[in-house]
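Good morning, colleagues. Please look at the sequence and the structure on the screen before I go through the fold.

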Amino acid sequence: MTYVVADACIKCKYTDCVDVCPVDCFHEGPNFLVIDPEECIDCTLCVAECPVEAIFAEDDVPDDQRAYIALNAELAKQWKVIIESKDALPDADEWAGVKDKLKYLER
């Protein structure tokens, strides 16, 4: 089982999770992070670090966000690995509580 970054990360992109990942499985897009399911070792360290609770075990991804499982796998192949935390997006705090953000995902 792998971990999955879901809806809450879009337009926030807090990178606290990146610093604790022992295998560098996070990949960075313009306004979203994804986890490479081929690299993730299921350590769970990233889950507690996410301030917007956007990371789920694959089996625990909410039903209305199951599309993020395939999306993480797809985008991890396209985006570069991120190995150090960065500042969140400038308006991340404003977007943190917003739901249904998939339409705002930038590829």
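I begin with the contacts in this model, which is a predicted one. Among contacts between residues at least 6 apart in sequence, 76% join residues that are at least 24 apart.

Next, the overall dimensions. The radius of gyration is 12 Å, which agrees with the value near 13 Å that a compact globule of 107 residues would have. Along the principal axes, the C-alpha atoms fill a box of roughly 30 × 30 × 25 Å. Of the 107 residues, 45% are buried. The protein exposes about 5,900 Å², and carbon and sulfur atoms supply 47% of that area.

As for charge, there are 10 positive and 24 negative side chains. The centres of these two sets lie 7 Å apart.

I turn now to the secondary structure. The protein has 4 helices and 5 strands, and from the N terminus on they run β-α-β-β-α-β-α-β-α. Three of the strands form an open sheet in the order β3-β2-β5, with antiparallel pairing. The edge strands are β3 and β5, residues 80-81, each of which pairs on one side only. Between β2 and β3, which run antiparallel, there are 3 bridges. Phe26, for instance, has Ile35 in β3 as its bridge partner.

Which residues of helix α3 are buried? In this helix, residues 67-76, they are Tyr68, Ile69, Leu71, Asn72, Leu75 and Ala76. An α-helix has 3.6 residues a turn, so residues three or four places apart point the same way. The cover over the buried residues of α3 includes β1 (3-5), β2 (26-28) and β3 (33-35).

Most residues other than glycine have a negative phi. Lys11, although not a glycine, has a positive phi of about 70°. Asp100, likewise not a glycine, has a positive phi of about 55°.

Asp100 lies in the segment after α4, residues 92-95. The relative accessible area of Asp100 is 55%, and therefore Asp100 is exposed, the cut-off here being over 50%.

Thank you for your attention.

How values were computed. Residues numbered from 1 in each chain as written. Predicted model: local features only at pLDDT ≥ 70, side-chain atom pairs only at ≥ 80, totals over all residues. Heavy atoms only, no water. Helix = DSSP H or I, 4+ residues; strand = E, 2+ residues; numbered from the N terminus. Rg over C-alpha atoms; globule rule 2.2 N^0.38 Å. Buried < 20%, exposed > 50% of the residue type's maximum accessible area, 1.4 Å probe, protein only. Contact = heavy atoms within 4.5 Å. Areas by Shrake-Rupley, 256 points an atom, 1.4 Å probe, with all protein chains shown as cover. Lys, Arg positive; Asp, Glu negative; His and termini not counted. Charge placed at Lys NZ, Arg CZ, Asp CG, Glu CD. Pairing = 2+ DSSP bridges.
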